[in-house]
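Visitor: Could you walk me through this one? I'm new to it.

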Amino acid sequence: MEKQPLLNPRTTSYEFLGPPGALLITLGVPSLTYGLYFGCSEESGGCPPKLVLSRIFLSLADPEWWKGLWDAQAALIYLAWYTFCIVSWAILPGERVEGTTLRTGAKKTYKINAFSTFSLALSLTLGGIYLYGPQSFTFLYDKFVGFVTAAIIASVCQATFCYAFSFRPGSLLALGGNTGNFVYDFFIGRELNPSIGSFDIKTFHEIRPGLILWALVDISMVCAQATRRGGFGKVTDSLWLVLLFQGGYITDSLYNESDIFRQMDITTDGFGFMLAVGDLTWVPFVYSLQARYLVFNPVELGPVWIAAIVLFNAAGLYIFRTANSEKNDFRRGANPKNLEFFTTESGTKLLTSGWWGASRHPNYLGDILMALAWSLPTGFDTPITYFYVVYFAGLLIHRQRRDDENCKRKYGKDWKKYMELVPYRIIPYVY
Ligand SMILES: NC(=O)C1=CN([C@@H]2O[C@H](COP(=O)(O)OP(=O)(O)OC[C@H]3O[C@@H](n4cnc5c(N)ncnc54)[C@H](OP(=O)(O)O)[C@@H]3O)[C@@H](O)[C@H]2O)C=CC1
Ligand SMILES: CC(C)=CCC[C@@H](C)[C@H]1CC=C2C3=C(CC[C@@]21C)[C@@]1(C)CC[C@H](O)C(C)(C)[C@@H]1CC3
(Lines give C-alpha, C1' and ligand atoms only; values in the text may rest on other atoms or scores of the structure.)
(Ligands and ions follow the chains in the order given, each with its own letter.)
Protein backbone atom coordinates (compact mmCIF):
# COMPACT_ATOMS: atom_id res chain seq x y z
CA MET A 1 0.00 0.00 0.00
CA GLU A 2 2.79 2.39 0.90
CA LYS A 3 4.73 1.93 -2.31
CA GLN A 4 1.85 2.81 -4.62
CA PRO A 5 2.11 6.62 -4.41
CA LEU A 6 5.86 6.44 -5.03
CA LEU A 7 5.47 4.30 -8.12
CA ASN A 8 2.50 6.27 -9.43
CA PRO A 9 2.67 9.81 -8.08
CA ARG A 10 -0.36 12.08 -8.51
CA THR A 11 -0.11 14.31 -11.58
CA THR A 12 -0.27 17.92 -10.44
CA SER A 13 -0.14 19.82 -13.73
CA TYR A 14 -2.23 19.74 -16.87
CA GLU A 15 -1.44 19.96 -20.57
CA PHE A 16 -3.87 20.75 -23.43
CA LEU A 17 -5.56 23.42 -21.24
CA GLY A 18 -6.63 20.85 -18.67
CA PRO A 19 -10.03 19.09 -18.51
CA PRO A 20 -11.87 21.68 -20.70
CA GLY A 21 -9.23 21.32 -23.43
CA ALA A 22 -9.30 17.53 -23.09
CA LEU A 23 -13.11 17.52 -23.40
CA LEU A 24 -12.98 19.81 -26.41
CA ILE A 25 -10.49 17.60 -28.25
CA THR A 26 -12.34 14.41 -27.22
CA LEU A 27 -15.54 15.70 -28.80
CA GLY A 28 -13.82 17.77 -31.48
CA VAL A 29 -11.70 15.10 -33.19
CA PRO A 30 -14.60 12.76 -34.13
CA SER A 31 -16.75 15.77 -35.12
CA LEU A 32 -13.97 17.21 -37.26
CA THR A 33 -13.38 13.86 -38.94
CA TYR A 34 -17.05 13.80 -39.98
CA GLY A 35 -16.90 17.52 -40.76
CA LEU A 36 -14.01 17.05 -43.17
CA TYR A 37 -15.96 14.29 -44.89
CA PHE A 38 -19.30 16.09 -45.16
CA GLY A 39 -17.59 19.39 -45.88
CA CYS A 40 -15.56 17.93 -48.71
CA SER A 41 -16.95 14.89 -50.49
CA GLU A 42 -18.71 13.77 -53.61
CA GLU A 43 -21.81 13.05 -51.50
CA SER A 44 -21.99 16.72 -50.47
CA GLY A 45 -21.27 17.97 -53.98
CA GLY A 46 -17.61 18.92 -53.56
CA CYS A 47 -16.07 21.22 -51.00
CA PRO A 48 -16.97 24.87 -51.43
CA PRO A 49 -15.71 26.39 -48.15
CA LYS A 50 -18.62 28.80 -47.58
CA LEU A 51 -21.20 26.04 -47.65
CA VAL A 52 -19.37 23.67 -45.37
CA LEU A 53 -20.72 24.78 -42.00
CA SER A 54 -24.26 25.61 -43.05
CA ARG A 55 -24.52 22.28 -44.86
CA ILE A 56 -23.37 20.35 -41.84
CA PHE A 57 -25.63 22.22 -39.41
CA LEU A 58 -28.67 21.67 -41.65
CA SER A 59 -27.93 17.94 -41.73
CA LEU A 60 -27.81 17.68 -37.95
CA ALA A 61 -31.55 18.27 -37.71
CA ASP A 62 -32.32 15.34 -39.99
CA PRO A 63 -32.63 11.91 -38.27
CA GLU A 64 -31.94 10.17 -41.61
CA TRP A 65 -28.56 11.86 -41.69
CA TRP A 66 -27.68 10.40 -38.31
CA LYS A 67 -28.79 6.93 -39.45
CA GLY A 68 -26.54 7.30 -42.50
CA LEU A 69 -23.47 7.45 -40.27
CA TRP A 70 -23.89 3.78 -39.40
CA ASP A 71 -23.09 1.05 -41.90
CA ALA A 72 -23.20 -2.50 -40.51
CA GLN A 73 -21.20 -3.90 -43.42
CA ALA A 74 -18.45 -1.33 -42.95
CA ALA A 75 -18.39 -2.07 -39.22
CA LEU A 76 -17.99 -5.80 -39.89
CA ILE A 77 -15.21 -5.22 -42.42
CA TYR A 78 -13.50 -2.90 -39.94
CA LEU A 79 -13.75 -5.56 -37.22
CA ALA A 80 -12.28 -8.14 -39.64
CA TRP A 81 -9.42 -5.73 -40.41
CA TYR A 82 -8.70 -5.13 -36.74
CA THR A 83 -8.74 -8.90 -36.11
CA PHE A 84 -6.41 -9.44 -39.08
CA CYS A 85 -3.91 -7.02 -37.49
CA ILE A 86 -4.00 -8.79 -34.13
CA VAL A 87 -3.73 -12.25 -35.69
CA SER A 88 -0.84 -11.09 -37.91
CA TRP A 89 0.95 -9.70 -34.86
CA ALA A 90 0.48 -13.07 -33.14
CA ILE A 91 1.39 -15.47 -35.93
CA LEU A 92 3.86 -13.68 -38.21
CA PRO A 93 7.43 -14.19 -37.09
CA GLY A 94 9.33 -11.20 -35.74
CA GLU A 95 12.47 -10.31 -33.87
CA ARG A 96 12.03 -9.37 -30.20
CA VAL A 97 13.44 -5.92 -29.47
CA GLU A 98 13.90 -4.21 -26.11
CA GLY A 99 12.37 -0.80 -25.49
CA THR A 100 13.79 1.94 -23.26
CA THR A 101 14.19 1.44 -19.51
CA LEU A 102 10.97 2.16 -17.62
CA ARG A 103 11.07 4.12 -14.36
CA THR A 104 10.70 0.80 -12.50
CA GLY A 105 14.06 -0.20 -14.02
CA ALA A 106 12.38 -2.87 -16.17
CA LYS A 107 12.48 -3.02 -19.96
CA LYS A 108 9.66 -4.19 -22.19
CA THR A 109 10.25 -6.32 -25.26
CA TYR A 110 8.30 -5.84 -28.45
CA LYS A 111 7.70 -8.13 -31.40
CA ILE A 112 8.80 -6.47 -34.64
CA ASN A 113 6.52 -7.58 -37.46
CA ALA A 114 4.57 -4.47 -38.50
CA PHE A 115 6.32 -4.44 -41.86
CA SER A 116 5.42 -8.08 -42.54
CA THR A 117 1.82 -7.35 -41.50
CA PHE A 118 1.83 -4.49 -44.02
CA SER A 119 3.40 -6.68 -46.73
CA LEU A 120 0.77 -9.37 -46.17
CA ALA A 121 -2.10 -6.87 -46.22
CA LEU A 122 -0.70 -5.22 -49.34
CA SER A 123 -0.17 -8.53 -51.16
CA LEU A 124 -3.73 -9.66 -50.43
CA THR A 125 -5.14 -6.28 -51.52
CA LEU A 126 -3.12 -6.01 -54.72
CA GLY A 127 -3.75 -9.69 -55.50
CA GLY A 128 -7.49 -9.10 -55.09
CA ILE A 129 -7.41 -6.01 -57.29
CA TYR A 130 -5.40 -7.87 -59.96
CA LEU A 131 -7.91 -10.74 -59.99
CA TYR A 132 -11.18 -8.85 -59.61
CA GLY A 133 -10.39 -5.40 -60.95
CA PRO A 134 -10.34 -1.92 -59.35
CA GLN A 135 -14.11 -1.96 -58.68
CA SER A 136 -13.54 -4.75 -56.14
CA PHE A 137 -11.62 -2.39 -53.86
CA THR A 138 -13.62 0.82 -53.92
CA PHE A 139 -15.58 -0.05 -50.75
CA LEU A 140 -13.34 2.04 -48.50
CA TYR A 141 -14.26 5.06 -50.63
CA ASP A 142 -17.93 4.11 -51.10
CA LYS A 143 -18.54 3.38 -47.42
CA PHE A 144 -16.13 5.98 -46.09
CA VAL A 145 -18.45 7.48 -43.50
CA GLY A 146 -19.45 4.02 -42.22
CA PHE A 147 -15.78 3.19 -41.72
CA VAL A 148 -15.24 6.48 -39.87
CA THR A 149 -18.08 5.56 -37.48
CA ALA A 150 -16.66 2.06 -36.97
CA ALA A 151 -13.20 3.51 -36.23
CA ILE A 152 -14.63 6.05 -33.76
CA ILE A 153 -16.50 3.28 -31.94
CA ALA A 154 -13.29 1.21 -31.85
CA SER A 155 -11.38 4.25 -30.48
CA VAL A 156 -13.94 4.82 -27.70
CA CYS A 157 -13.98 1.10 -26.80
CA GLN A 158 -10.20 0.91 -26.79
CA ALA A 159 -9.75 4.02 -24.64
CA THR A 160 -12.52 2.95 -22.23
CA PHE A 161 -11.03 -0.50 -21.87
CA CYS A 162 -7.53 0.90 -21.20
CA TYR A 163 -8.87 3.45 -18.71
CA ALA A 164 -10.74 0.75 -16.73
CA PHE A 165 -7.85 -1.71 -17.08
CA SER A 166 -5.43 0.85 -15.60
CA PHE A 167 -7.10 0.52 -12.16
CA ARG A 168 -5.84 -3.04 -11.65
CA PRO A 169 -3.25 -3.36 -8.87
CA GLY A 170 0.37 -2.98 -9.95
CA SER A 171 -0.24 -1.07 -13.19
CA LEU A 172 2.42 1.51 -14.08
CA LEU A 173 0.70 4.83 -14.77
CA ALA A 174 1.95 7.63 -17.04
CA LEU A 175 3.41 10.48 -14.97
CA GLY A 176 1.11 12.91 -16.79
CA GLY A 177 -2.07 10.80 -16.68
CA ASN A 178 -2.85 10.37 -13.00
CA THR A 179 -4.64 13.61 -12.09
CA GLY A 180 -7.75 11.88 -10.74
CA ASN A 181 -9.91 13.90 -13.15
CA PHE A 182 -11.81 11.40 -15.29
CA VAL A 183 -12.19 13.60 -18.39
CA TYR A 184 -8.52 14.48 -18.46
CA ASP A 185 -7.06 11.07 -17.58
CA PHE A 186 -9.38 9.31 -20.04
CA PHE A 187 -8.16 11.66 -22.78
CA ILE A 188 -4.43 11.82 -22.04
CA GLY A 189 -4.08 8.16 -21.05
CA ARG A 190 -3.75 6.80 -17.55
CA GLU A 191 -1.62 3.69 -17.95
CA LEU A 192 1.79 4.03 -19.57
CA ASN A 193 2.04 0.70 -21.39
CA PRO A 194 -1.20 -1.27 -21.11
CA SER A 195 -0.57 -4.78 -22.29
CA ILE A 196 -2.16 -8.20 -22.27
CA GLY A 197 0.63 -10.72 -21.91
CA SER A 198 3.28 -9.73 -24.44
CA PHE A 199 0.72 -7.82 -26.53
CA ASP A 200 1.50 -4.13 -26.03
CA ILE A 201 -1.71 -2.24 -26.78
CA LYS A 202 -0.13 1.19 -27.35
CA THR A 203 2.65 0.28 -29.80
CA PHE A 204 0.24 -2.04 -31.63
CA HIS A 205 -2.19 0.83 -32.22
CA GLU A 206 0.45 3.41 -33.00
CA ILE A 207 1.58 1.82 -36.24
CA ARG A 208 -0.66 -1.07 -37.24
CA PRO A 209 -4.46 -0.88 -37.67
CA GLY A 210 -4.58 2.86 -38.48
CA LEU A 211 -1.29 3.48 -40.25
CA ILE A 212 -1.60 0.45 -42.55
CA LEU A 213 -5.27 1.25 -43.15
CA TRP A 214 -4.24 4.74 -44.33
CA ALA A 215 -2.26 3.07 -47.17
CA LEU A 216 -5.24 0.85 -48.01
CA VAL A 217 -7.59 3.85 -48.01
CA ASP A 218 -5.27 5.61 -50.49
CA ILE A 219 -5.22 2.51 -52.70
CA SER A 220 -9.01 2.39 -52.56
CA MET A 221 -9.09 6.03 -53.74
CA VAL A 222 -6.94 5.09 -56.76
CA CYS A 223 -9.33 2.19 -57.48
CA ALA A 224 -12.33 4.51 -57.15
CA GLN A 225 -10.83 6.97 -59.62
CA ALA A 226 -9.80 4.13 -61.96
CA THR A 227 -13.37 2.78 -61.90
CA ARG A 228 -14.82 6.21 -62.70
CA ARG A 229 -12.35 7.03 -65.45
CA GLY A 230 -12.08 3.65 -67.16
CA GLY A 231 -8.97 1.92 -65.84
CA PHE A 232 -5.69 2.46 -64.04
CA GLY A 233 -4.21 3.98 -67.20
CA LYS A 234 -6.59 6.93 -66.79
CA VAL A 235 -5.78 7.63 -63.13
CA THR A 236 -4.42 11.17 -62.81
CA ASP A 237 -0.76 11.86 -62.17
CA SER A 238 -1.72 13.86 -59.05
CA LEU A 239 -3.37 10.85 -57.40
CA TRP A 240 -0.45 8.54 -58.24
CA LEU A 241 1.84 11.14 -56.69
CA VAL A 242 -0.15 11.30 -53.44
CA LEU A 243 -0.18 7.48 -53.27
CA LEU A 244 3.57 7.35 -53.90
CA PHE A 245 4.41 10.00 -51.27
CA GLN A 246 2.09 8.80 -48.53
CA GLY A 247 2.74 5.12 -49.32
CA GLY A 248 6.48 5.79 -49.10
CA TYR A 249 6.08 7.54 -45.74
CA ILE A 250 3.98 4.68 -44.34
CA THR A 251 6.43 2.07 -45.63
CA ASP A 252 9.33 3.97 -44.07
CA SER A 253 7.55 4.13 -40.68
CA LEU A 254 6.71 0.42 -40.71
CA TYR A 255 10.15 -0.62 -41.91
CA ASN A 256 11.73 1.39 -39.07
CA GLU A 257 9.22 0.09 -36.51
CA SER A 258 11.73 -0.09 -33.65
CA ASP A 259 12.38 3.70 -33.90
CA ILE A 260 9.06 4.41 -32.21
CA PHE A 261 10.15 2.87 -28.92
CA ARG A 262 12.09 6.05 -28.08
CA GLN A 263 9.22 8.39 -29.00
CA MET A 264 7.33 10.52 -26.51
CA ASP A 265 4.05 8.69 -27.18
CA ILE A 266 5.66 5.42 -26.12
CA THR A 267 8.10 6.51 -23.41
CA THR A 268 6.06 9.22 -21.69
CA ASP A 269 2.37 9.42 -22.70
CA GLY A 270 -0.23 6.98 -21.50
CA PHE A 271 -2.61 5.28 -23.89
CA GLY A 272 -5.87 7.18 -23.74
CA PHE A 273 -8.49 8.56 -26.11
CA MET A 274 -5.99 10.99 -27.67
CA LEU A 275 -3.80 8.24 -29.06
CA ALA A 276 -6.66 5.78 -29.62
CA VAL A 277 -8.66 8.18 -31.80
CA GLY A 278 -5.48 9.61 -33.34
CA ASP A 279 -4.21 6.19 -34.36
CA LEU A 280 -7.48 4.48 -35.30
CA THR A 281 -9.58 7.29 -36.75
CA TRP A 282 -7.62 10.46 -37.47
CA VAL A 283 -4.64 8.92 -39.27
CA PRO A 284 -6.49 6.69 -41.78
CA PHE A 285 -9.50 8.93 -42.43
CA VAL A 286 -8.10 12.45 -42.21
CA TYR A 287 -4.55 11.91 -43.48
CA SER A 288 -6.07 10.41 -46.65
CA LEU A 289 -8.14 13.53 -47.40
CA GLN A 290 -6.00 14.64 -50.35
CA ALA A 291 -6.35 11.25 -52.08
CA ARG A 292 -10.11 11.16 -51.40
CA TYR A 293 -10.55 14.66 -52.82
CA LEU A 294 -8.75 13.70 -56.02
CA VAL A 295 -11.28 10.91 -56.70
CA PHE A 296 -14.09 13.38 -57.36
CA ASN A 297 -11.89 16.30 -58.37
CA PRO A 298 -9.27 14.85 -60.72
CA VAL A 299 -6.25 17.08 -61.31
CA GLU A 300 -3.70 16.56 -64.11
CA LEU A 301 -0.44 18.17 -63.10
CA GLY A 302 1.80 17.68 -66.12
CA PRO A 303 5.58 17.11 -66.04
CA VAL A 304 6.67 20.54 -64.75
CA TRP A 305 4.43 20.52 -61.67
CA ILE A 306 5.23 16.85 -61.06
CA ALA A 307 8.97 17.57 -61.14
CA ALA A 308 8.61 20.56 -58.81
CA ILE A 309 6.45 18.68 -56.28
CA VAL A 310 8.65 15.57 -56.41
CA LEU A 311 11.71 17.73 -55.67
CA PHE A 312 9.90 19.42 -52.79
CA ASN A 313 8.90 16.08 -51.29
CA ALA A 314 12.40 14.69 -51.82
CA ALA A 315 13.87 17.62 -49.86
CA GLY A 316 11.45 16.96 -46.99
CA LEU A 317 12.06 13.22 -47.07
CA TYR A 318 15.82 13.74 -47.11
CA ILE A 319 15.71 15.98 -44.02
CA PHE A 320 13.22 13.69 -42.22
CA ARG A 321 15.14 10.48 -42.92
CA THR A 322 18.71 11.75 -42.40
CA ALA A 323 17.77 13.62 -39.19
CA ASN A 324 15.90 10.62 -37.76
CA SER A 325 18.69 8.22 -38.79
CA GLU A 326 21.40 10.41 -37.22
CA LYS A 327 19.57 10.37 -33.89
CA ASN A 328 18.39 6.76 -34.02
CA ASP A 329 21.84 5.44 -34.99
CA PHE A 330 23.35 7.52 -32.20
CA ARG A 331 20.85 6.22 -29.66
CA ARG A 332 21.74 2.66 -30.72
CA GLY A 333 25.38 3.46 -29.89
CA ALA A 334 26.62 4.15 -33.44
CA ASN A 335 27.97 7.43 -34.82
CA PRO A 336 28.82 6.73 -38.48
CA LYS A 337 29.15 10.44 -39.36
CA ASN A 338 31.39 11.14 -36.39
CA LEU A 339 29.05 13.87 -35.14
CA GLU A 340 29.91 16.03 -32.14
CA PHE A 341 28.06 15.44 -28.87
CA PHE A 342 28.27 16.06 -25.17
CA THR A 343 27.51 13.78 -22.24
CA THR A 344 24.83 14.86 -19.78
CA GLU A 345 25.01 14.26 -16.03
CA SER A 346 22.53 11.41 -16.46
CA GLY A 347 25.08 9.72 -18.72
CA THR A 348 22.96 10.13 -21.87
CA LYS A 349 24.69 11.86 -24.80
CA LEU A 350 23.19 14.65 -26.88
CA LEU A 351 24.26 15.38 -30.45
CA THR A 352 25.40 18.94 -31.10
CA SER A 353 26.38 18.81 -34.78
CA GLY A 354 24.78 17.50 -37.97
CA TRP A 355 21.01 18.01 -38.12
CA TRP A 356 20.69 18.03 -34.31
CA GLY A 357 23.17 20.88 -34.18
CA ALA A 358 21.07 22.91 -36.65
CA SER A 359 17.79 22.80 -34.72
CA ARG A 360 16.29 20.89 -31.82
CA HIS A 361 13.72 19.15 -34.03
CA PRO A 362 15.09 19.08 -37.59
CA ASN A 363 13.01 15.96 -38.36
CA TYR A 364 9.81 18.03 -37.87
CA LEU A 365 10.94 20.40 -40.60
CA GLY A 366 11.24 17.50 -43.04
CA ASP A 367 7.84 16.22 -42.01
CA ILE A 368 6.17 19.63 -42.52
CA LEU A 369 7.74 20.02 -45.99
CA MET A 370 6.41 16.59 -46.95
CA ALA A 371 2.96 17.50 -45.62
CA LEU A 372 2.86 20.44 -48.04
CA ALA A 373 4.11 18.26 -50.90
CA TRP A 374 1.18 15.88 -50.28
CA SER A 375 -1.36 18.69 -50.55
CA LEU A 376 0.07 20.52 -53.57
CA PRO A 377 -1.10 17.81 -56.03
CA THR A 378 -4.71 18.75 -55.18
CA GLY A 379 -4.23 22.20 -56.75
CA PHE A 380 -5.71 25.39 -55.36
CA ASP A 381 -9.49 25.07 -55.86
CA THR A 382 -10.14 24.55 -52.15
CA PRO A 383 -8.21 25.28 -48.95
CA ILE A 384 -9.65 22.14 -47.32
CA THR A 385 -7.01 19.85 -48.79
CA TYR A 386 -4.41 22.05 -47.05
CA PHE A 387 -6.04 21.37 -43.68
CA TYR A 388 -3.49 18.61 -43.11
CA VAL A 389 -0.54 21.02 -43.45
CA VAL A 390 -2.02 23.52 -40.98
CA TYR A 391 -3.03 20.85 -38.45
CA PHE A 392 0.30 19.09 -38.77
CA ALA A 393 2.40 22.25 -38.33
CA GLY A 394 0.29 22.99 -35.21
CA LEU A 395 0.73 19.44 -33.90
CA LEU A 396 4.50 19.53 -34.35
CA ILE A 397 4.94 23.04 -32.88
CA HIS A 398 2.98 21.92 -29.81
CA ARG A 399 4.81 18.58 -29.73
CA GLN A 400 8.17 20.35 -29.85
CA ARG A 401 7.21 22.37 -26.76
CA ARG A 402 6.04 19.25 -24.92
CA ASP A 403 9.26 17.46 -25.79
CA ASP A 404 11.35 20.46 -24.66
CA GLU A 405 9.55 20.35 -21.28
CA ASN A 406 10.14 16.58 -20.99
CA CYS A 407 13.82 17.01 -21.86
CA LYS A 408 14.16 19.85 -19.32
CA ARG A 409 12.84 17.46 -16.68
CA LYS A 410 15.09 14.65 -17.92
CA TYR A 411 18.33 16.57 -18.41
CA GLY A 412 17.97 19.64 -16.16
CA LYS A 413 20.75 22.17 -16.70
CA ASP A 414 22.28 20.03 -19.47
CA TRP A 415 19.18 20.71 -21.57
CA LYS A 416 19.62 24.45 -20.97
CA LYS A 417 23.20 24.06 -22.23
CA TYR A 418 21.92 22.24 -25.31
CA MET A 419 19.35 24.99 -25.89
CA GLU A 420 22.12 27.58 -25.80
CA LEU A 421 24.22 25.59 -28.26
CA VAL A 422 21.20 24.92 -30.50
CA PRO A 423 18.79 27.85 -30.10
CA TYR A 424 16.42 27.06 -33.00
CA ARG A 425 13.42 24.86 -32.27
CA ILE A 426 12.54 23.51 -35.72
CA ILE A 427 13.68 25.68 -38.64
CA PRO A 428 17.36 26.70 -38.46
CA TYR A 429 17.78 30.53 -38.30
CA VAL A 430 13.99 31.06 -38.42
CA TYR A 431 12.16 29.35 -35.55
N1 LIG B 1 2.94 11.98 -39.17
C2 LIG B 1 2.57 12.28 -37.94
O3 LIG B 1 1.40 12.46 -37.65
C4 LIG B 1 3.59 12.43 -36.88
C5 LIG B 1 4.91 12.25 -37.19
N6 LIG B 1 5.85 12.40 -36.22
C7 LIG B 1 7.24 12.20 -36.64
O8 LIG B 1 7.81 11.22 -35.81
C9 LIG B 1 9.20 11.44 -35.70
C10 LIG B 1 9.61 11.31 -34.26
O11 LIG B 1 9.13 12.43 -33.54
P12 LIG B 1 9.14 12.65 -31.95
O13 LIG B 1 9.10 11.37 -31.26
O14 LIG B 1 8.11 13.67 -31.65
O15 LIG B 1 10.48 13.37 -31.62
P16 LIG B 1 12.00 13.18 -31.96
O17 LIG B 1 12.26 12.04 -32.87
O18 LIG B 1 12.47 14.49 -32.42
O19 LIG B 1 12.60 12.79 -30.59
C20 LIG B 1 12.78 13.66 -29.50
C21 LIG B 1 13.71 12.97 -28.54
O22 LIG B 1 15.00 12.84 -29.13
C23 LIG B 1 15.99 12.89 -28.12
N24 LIG B 1 16.88 14.00 -28.48
C25 LIG B 1 16.59 15.31 -28.55
N26 LIG B 1 17.65 16.04 -28.91
C27 LIG B 1 18.65 15.15 -29.10
C28 LIG B 1 20.01 15.28 -29.47
N29 LIG B 1 20.55 16.46 -29.73
N30 LIG B 1 20.77 14.18 -29.56
C31 LIG B 1 20.22 12.97 -29.29
N32 LIG B 1 18.95 12.76 -28.93
C33 LIG B 1 18.17 13.86 -28.82
C34 LIG B 1 15.28 13.14 -26.81
O35 LIG B 1 14.97 11.87 -26.21
P36 LIG B 1 16.08 10.94 -25.49
O37 LIG B 1 17.21 11.83 -25.08
O38 LIG B 1 15.34 10.34 -24.34
O39 LIG B 1 16.49 9.92 -26.49
C40 LIG B 1 13.96 13.74 -27.26
O41 LIG B 1 12.95 13.50 -26.32
C42 LIG B 1 9.48 12.79 -36.30
O43 LIG B 1 10.09 12.66 -37.54
C44 LIG B 1 8.12 13.42 -36.41
O45 LIG B 1 8.08 14.34 -37.46
C46 LIG B 1 5.52 12.71 -34.96
C47 LIG B 1 4.22 12.91 -34.61
C48 LIG B 1 3.14 12.78 -35.54
C1 LIG C 1 -6.03 14.94 -33.45
C2 LIG C 1 -5.41 14.12 -32.42
C3 LIG C 1 -6.23 13.42 -31.43
C4 LIG C 1 -4.12 14.05 -32.43
C5 LIG C 1 -3.36 13.03 -31.69
C6 LIG C 1 -2.07 12.94 -32.34
C7 LIG C 1 -1.93 11.69 -33.22
C8 LIG C 1 -2.73 11.81 -34.49
C9 LIG C 1 -0.45 11.55 -33.51
C10 LIG C 1 0.39 11.52 -32.22
C11 LIG C 1 1.63 10.85 -32.62
C12 LIG C 1 1.43 10.19 -33.79
C13 LIG C 1 2.39 9.49 -34.57
C14 LIG C 1 2.10 9.06 -35.83
C15 LIG C 1 0.76 9.27 -36.38
C16 LIG C 1 -0.01 10.38 -35.71
C17 LIG C 1 0.01 10.29 -34.22
C18 LIG C 1 -0.75 9.07 -33.74
C19 LIG C 1 3.07 8.22 -36.64
C20 LIG C 1 2.58 6.80 -36.44
C21 LIG C 1 3.01 8.58 -38.12
C22 LIG C 1 4.09 7.89 -38.92
C23 LIG C 1 5.45 8.28 -38.39
O24 LIG C 1 6.53 7.83 -39.16
C25 LIG C 1 5.64 7.85 -36.96
C26 LIG C 1 5.72 6.34 -36.81
C27 LIG C 1 6.97 8.39 -36.50
C28 LIG C 1 4.49 8.51 -36.16
C29 LIG C 1 4.54 8.26 -34.66
C30 LIG C 1 3.74 9.31 -33.97
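Predicted model: local features only at pLDDT ≥ 70, side-chain atom pairs only at ≥ 80, totals over all residues.

Visitor: OK, how is the protein divided?

Guide: There is domain 1 (4-300) and there is domain 2 (301-431), with bounds that come from an automatic or database domain assignment. Their centres, taken over C-alpha atoms, are separated by 23 Å.

Visitor: And how many residues does the contact take from domain 1 and from domain 2?

Guide: The contact takes 26 residues from domain 1 and 26 residues from domain 2, where two residues are in contact if their C-beta atoms, placed from the backbone, lie within 7 Å. On the side of domain 1 that touches domain 2, α12 (237-255) gives the most, with eight residues; helices such as this one are DSSP runs of H or I with at least four residues, strands are runs of E with at least two, and both are numbered from the N terminus.

Visitor: Switching topic, which residues have the most contacts inside the largest nonpolar core?

Guide: Those are F147, A151 and M221, in a core of 93 residues. A nonpolar core is a set of buried Ala, Val, Leu, Ile, Met, Phe, Trp, Tyr and Cys residues joined through C-beta atoms within 7 Å, and buried means that 20 or more other C-beta atoms lie within 10 Å of a residue's own, with C-beta atoms placed from the backbone. Helix α11 (residues 209-229) gives the most to this core, with 13 residues.

Visitor: What does M221 contact?

Guide: Leaving aside neighbours within four places in sequence, M221 is in contact with several residues, among them Y141, L239 and S288.

Visitor: Why does ligand 1 lie between the domains?

Guide: Domain 1 and domain 2 both give residues to the shell around ligand 1, so ligand 1 lies between them. That shell has 20 residues, the closest being Q263, L351, W356, N363 and D367, where a residue is near if its C-beta atom, placed from the backbone, lies within 6 Å of the molecule. The largest share, five residues, comes from α16.

Visitor: Which helix gives the most to the shell around ligand 2?

Guide: Helix α14 does, with seven residues, and the closest of the 16 residues around ligand 2 are V29, S253, G278, D279 and W282.

Definitions and conventions. Residues numbered from 1 in each chain as written. Chains lettered and ligands numbered in written order. Buried ≥ 20, exposed ≤ 12 C-beta atoms within 10 Å, placed from the backbone.
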